[in-house]
Amino acid sequence: LRHYHKPSRTASFKTLTKDDLEHFKGILPAETILATPAVGGSSDPIELEGFNADWLNKYRGNSQLVLRPKTTQEVSDILKYCNAQGIAVVPQGGNTGLVGGSVPVHDEVILSLRNMSRVRNYDELSGVLVCDAGCVLEELGNYVGERDHIMPLDLGAKGSCHIGGNVATNAGGIRFLRYGSLHGSVLGLEVVLPDGTILDNLSTLRKDNTGYDLKQLFIGSEGSLGVITGVSVITPQRSSAVNVTVLGVTSYENVQRAFALARKRCGEILSAYEFWDATCMGAVLHHQSLKNPLSAEFPFYVLIETSGSNKDHDDEKMGGLLEELLEEGIVEDGALAQDDSQIARMWTMREGIPESLAKTGATYKYDVSIPIPVLYDIVGDIAKRLESAQLYKPGESGFPVKLVCGYGHIGDGNLHLNIVAEKFEDRVTNIFEPYVYEWVKSHRGSISAEHGVGLMKRDHLEYSKSPEMLAYMKRMKEVFDPKGILNPYKVV
Ligand code: FAD
Ligand code: MLT
Ligand code: ZN
């Protein structure tokens, strides 16, 4: 059962015909088209399954046509035709989005960027990479890694997500603390507008104040304003010395104290500060082939990474920090990675949480920004509400809800509250929706720190945006996409 509010199909959108398919065959190579018999093609509908269903298996569309253009001009030709005909389109990258934004709601044409995966240019001196939007993040990481650089963002979905999808969602991830938002590291974009216009803003300049910075509008627009086809992004120098430690902590209060001390002692080399709770750890150890690097179980775990250019200096700083944390009783136990494979295992522990939860059951995700001191309160609060409704009992099976847990990028004030249930169903959802959104609003937080709005939160934006802001967002949508063909039913 996939359960969510599905908006009705916009009646004015054209239902695809054989003539439309013939048109696409005229502008695209045959191997880039997947069309089912319903629209005059011969592809098995099973081939389209992976494009119609999202990563969480929560949202599902019914598209009969997937187009996988190889060039920007082909993207332009597709959109020009769809706009003229009133055919709705959903842009899709690696389809790892977590808010139902990347899959069709009804029968929208899926425009997949996966055939656009070329590095166009790399300048090793400036570190500026120019590439197609469909490049997979991990492959770009390998490419720049061979040239002694790193991508300015990293996330658990790196093996599948595209840089274009990252830009479209303004993805945060585990390097945000050090390298900031894509609003800073993306230097230029090539975007195709719904009417087929190609906006060539693929600048490689750090500084350019020639008027409005239009590319910023597309960063985080989730495919609602234009299709990103090219990205220019600045890649930082790779640090020669990297240290990673996992710590066991007995209270959330101490998770915060450890963060304050890590910034004080290692500020200039601190590159990540992540945390997760014991429930997440249980799921990860159950589903990944990993062992707890600590001698005991703790209510909270913290991962600290430092990246610098002088190993002796960094080792001394990290060692000093660990000593102080233990002496002050802020952490109870710590393991310091001794080599690259231990570093990788510690990161897998953190990055393996979403997959481990998804393997456990139907996962509800709330990705919120709230001031750090109260960030974790929401987890206990939701667990209590579910218990009172007799839908959940911690550690006991046989209830509709299996787990309630929290993890995230605490250094960025970003918590991932996850509720894992037997299935997605109203009696469960109603306990925490709109309660979570109200809770976030009461702390002037954001209901989407980094995952975006998609379909999931489009009816809840008023919890984080004023009516005036929403009105201007809608006006922007009308400017770029007056016919509303691009990623309809999402965002605004
Ligand atoms: P998709 O899922 O295909 O699309 C996402 C949205 O962008 C959709 O609205 C789609 O229409 C649009 N879009 C995609 N490509 C384009 C394009 N070229 N032009 C215009 N619009 C486009 N997010 C974080 O912020 N931080 C994390 O740490 C993080 N970790 C994750 C870990 C896992 C295991 C998973 C499954 C997801 C995670 N995500 C995270 C969520 C997700 O937002 C990112 O994975 C990623 O940015 C999405 O990229 P994608 O290529 O898969 O885009
Ligand atoms: C993460 O931080 O692991 C991602 O944002 C994915 C998630 O929230 O599950
Ligand atoms: Zn995250």
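In which loop is N57 found? N57 lies in the loop between α2 (45–52) and β2 (65–67). The legends below describe close-up views of a predicted model.

**Figure 1. Confidence of the predicted model.**
The model shown in every view is a prediction. The average pLDDT of the protein is 97, and 99% of the residues score at least 70. For the complex, the predictor gives an ipTM of 0.99 and a pTM of 0.98.

**Figure 2. The shell around ligand 1.**
Ligand 1 is surrounded by 37 residues. The closest of them are G93, G101, G164, G165 and G223. Four elements, β3 (89–92), α5 (163–169), β9 (227–234) and α13 (353–360), each supply at least two residues of this shell. Helix α5 gives the largest share, five residues. Sorted by class, the shell around ligand 1 holds 14 nonpolar, 20 polar and three charged residues.

**Figure 3. The shell around ligand 2.**
The residues that surround ligand 2 are G156, I353, P354, K365, D367, G408 and H416. At least two residues of the shell come from α13, and at least two from β14 (362–369). By class, two residues around ligand 2 are nonpolar, three are polar and two are charged. Helix α13 also supplies at least two residues of the shell around ligand 1.

**Figure 4. The largest nonpolar core, seen at V404.**
The largest nonpolar core has 144 residues. The residues with the most contacts inside this core are V89, Y301, V302 and V404. With neighbours within four places in sequence left aside, V404 is in contact with V379, I382, A383, L386, Y392 and I419. In soluble globular proteins, nonpolar side chains tend to be buried together.

**Figure 5. Helix α12 and the elements it packs against.**
Helix α12 covers residues 340–351, 12 residues in total. From its first C-alpha to its last, α12 reaches 16 Å, close to the 16 Å expected at 1.5 Å a residue. M346, W347, M349, R350 and E351 are buried in this helix. The buried residues of α12 pack against strands β10 (241–249), β11 (270–277) and β12 (300–308), and against helices α10 (278–287) and α13.

Helix α17 runs over residues 467–480, which makes 14 residues. Its span from first to last C-alpha is 20 Å, close to the 20 Å expected at 1.5 Å a residue. One of the 14 residues of α17 is buried, so the helix lies largely in the open. E478 belongs to α17. E478 is exposed because 11 other C-beta atoms lie within 10 Å. The C-alpha atoms of E478 and A283 are 44 Å apart in space, and the two residues are 195 apart in sequence.

**Figure 6. Q85 in helix α3.**
Q85 is located in helix α3 (residues 72–85). Q85 counts as partly exposed because it has 16 C-beta neighbours inside 10 Å. Not counting residues up to four places away in sequence, Q85 touches K14 and D20. The C-alpha atoms of Q85 and F13 are separated by 8.4 Å, although these residues are 72 apart along the chain.

N57, in the loop between α2 and β2, has a phi near 60°, a positive value in a residue other than glycine. N57 counts as exposed because it has 12 C-beta neighbours inside 10 Å. D148 is in the loop between α4 (137–145) and α5. Its phi is positive, about 70°, although D148 is not a glycine. D148 is exposed because 12 other C-beta atoms lie within 10 Å.

**Figure 7. The cis peptide bond at P434.**
E433 and P434 are joined by a cis peptide bond. Omega is about 10° for this bond. P434 is in the loop between α15 (426–432) and α16 (435–442).

**Figure 8. G329 in a loop.**
G329 sits in the loop between α11 (311–327) and β13 (333–336). G329 counts as exposed because it has 10 C-beta neighbours inside 10 Å.

Terms used. Residues are numbered from 1 along each chain as its sequence is written. Chains are lettered from A and ligands numbered from 1 in the order in which they are written. This is a predicted model: local features need pLDDT of at least 70, side-chain atom pairs count only at pLDDT 80 or more; totals for chains, interfaces and linings use all residues. A residue is near a molecule or strand if its C-beta atom, placed from the backbone, lies within 6 Å of it. Ala, Val, Leu, Ile, Met, Phe, Trp, Tyr, Cys and Pro count as nonpolar, Asp, Glu, Lys and Arg as charged, and the others, Gly among them, as polar. The expected span of a helix is 1.5 Å times one less than its number of residues. A residue is buried if 20 or more other C-beta atoms lie within 10 Å of its own, exposed if 12 or fewer, and partly exposed in between; C-beta atoms are placed from the backbone. pLDDT is the predictor's confidence in each residue, from 0 to 100. A nonpolar core is a set of buried Ala, Val, Leu, Ile, Met, Phe, Trp, Tyr and Cys residues joined through C-beta atoms within 7 Å. Two residues are in contact if their C-beta atoms, placed from the backbone, lie within 7 Å.
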